[in-house]
Amino acid sequence: MKKLVVISGKGGTGKTTITSSLAYLSKGKRIADCDVEAPNLNLLLNNKIIDEKLYVGGSIAKVDESLCIDCGKCREYCRFDAISEEILIDPLKCEGCGTCKYVCPKDAIKMEDEETGYIYTSEIERGNFVYAKLNIGADAAGKVVTEIRKEIENYSNENDLIIIDGAPGVGCVVIASITNCDMAVIVTEPTQSGLSDFKRIFSLVKQFNIKPYVVINKYDINIDMTREIKRYCKEEGIKNIKKVPFDSMVNKSLKENKTIVEYPDTKACKSIKDIWIDINKKMGGNYNENSNS
Ligand code: SF4
Ligand code: SF4
């Protein structure tokens, strides 16, 4: 079983466009949306939910008023300012550290499971797709990503390629997305901030010893910056660098809840198909949906 993760240094670089297209072009689709703070692949993959699991991400303090003597010790020790003068816990501030429970002289505080959201397993054409929806205000953590990945692996066999949509940035959610992946497709854009974000995410990929594959999206909106990104890649010894041109049809396809590769005559479709053929070859497998794609 091989794993391909698609990431970007920040949101808005076209990561979902690339991931959804690769997912569309792969056969035996095993897709995981690990961009848990902004999951949106489900809008493009025409999925049917077949299973949902409650995800408990942590715990939250609860005060038993009948035992509380208003000594204020819990409030004094809470580092997160989550306890009011009236000894009420603010669920949005409570980090579930358990200090208040530990210091309470009357054993009036209990830690309760916090329902963080749901993990959904769904069917898509010739495959499965797993994603999560977290409750409003819930902290996205690497743990939920690990659960999503476990779930899609349960539906996969050793010949499958799992495609993971990773979260943007370089936090723990991203680390959980890229861990143990064979290749990381890093989507970037030709701007100064795009290059800085790319450098940060690339250094993470390097630390985890994952093969990088760089896609410069909308490369033609700033050819000079595209050259600069390519120059940096060369210095870093990155051999896999591909470009996708700006294409106004990408927005149109997203509005119609379709992947850009469902519009075969578009410039972006042609580039992404070439990228997919190349990735498929480099992953050493035969993961093409159609032999002529
Ligand atoms: S569990 Fe930790 S963060 Fe939550 S109220 Fe108690 S001390 Fe504060
Ligand atoms: S430490 Fe325990 S007894 Fe004291 S105020 Fe907090 S909950 Fe009440």
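Student: OK, how many helices and strands are there in the protein chain?
Tutor: The protein chain has nine helices and nine strands. Keep in mind that this is a predicted model.

Student: Got it. What size of box do the C-alpha atoms fill?
Tutor: Taken along the principal axes, the box is roughly 70 × 40 × 35 Å.

Student: And how much of the chain counts as buried?
Tutor: Of its 293 residues, 41% count as buried. As for contacts with a separation of 6 or more, 73% of them come from residues 24 or more positions apart.

Student: Let's do the strands. What's their order in the sheet?
Tutor: It's an open sheet of nine strands, and the order runs S3-S4-S5-S2-S6-S1-S7-S8-S9 with mixed pairing.

Student: Which strands are at the edges?
Tutor: Those are S3, residues 48–63, and S9, residues 241–244; each of them pairs on one side only. From one strand to the next, the twist averages 20 degrees.

Student: In what sense do S8 and S9 pair?
Tutor: Parallel, over four bridges, with S8 covering residues 211–217.

Student: Switching to the ligands. Which residues come nearest to ligand 1?
Tutor: There are 13 residues around ligand 1, and Cys78, Cys94, Cys97, Thr99 and Cys100 come nearest. By class, that shell has nine nonpolar, three polar and one charged residues.

Student: What about ligand 2, which ones come nearest there?
Tutor: Ligand 2 has 13 residues around it too, and there the nearest are Cys68, Cys71, Lys73, Cys74 and Cys104. Its shell divides into nine nonpolar, one polar and three charged.

Student: I clicked on tyrosine 77. Where is that found?
Tutor: Tyrosine 77 is in helix H2, which spans residues 73–77.

Student: What is tyrosine 77 in contact with, leaving aside its neighbours within four places in sequence?
Tutor: Thr99, Cys100 and Val103. Thr99 and Cys100 also turned up among the residues nearest to ligand 1. As for valine 103, it sits 26 residues away from tyrosine 77 along the chain, yet their C-alpha atoms are separated by 7.8 Å.

Student: Why does tyrosine 77 count as partly exposed?
Tutor: Because it has 14 C-beta neighbours inside 10 Å. Being buried takes 20 or more, and exposed means 12 or fewer, so 14 falls in between.

Student: New topic: what's with the phi of asparagine 46?
Tutor: Asparagine 46 has a positive phi of about 55 degrees although it isn't a glycine. You'll find it in the loop between strand S2 (29–33) and S3.

Student: And lysine 218, what's its phi near?
Tutor: Near 55 degrees, again a positive value in a residue other than glycine. Lysine 218 is found in the loop between S8 and helix H7 (223–235).

Student: Are those two buried or partly exposed?
Tutor: Asparagine 46 is partly exposed, with 14 other C-beta atoms within 10 Å. Lysine 218 is buried, because 21 other C-beta atoms lie within 10 Å.

Terms used. Residues numbered from 1 in each chain as written. Chains lettered and ligands numbered in written order. Predicted model: local features only at pLDDT ≥ 70, side-chain atom pairs only at ≥ 80, totals over all residues. Near = placed C-beta within 6 Å. Nonpolar A, V, L, I, M, F, W, Y, C, P; charged D, E, K, R; others polar. Helix = DSSP H or I, 4+ residues; strand = E, 2+ residues; numbered from the N terminus. Contact = placed C-beta atoms within 7 Å. Pairing = 2+ DSSP bridges. Axes fitted to C-alpha atoms, helices over the stretch in contact; angles between N-to-C directions.
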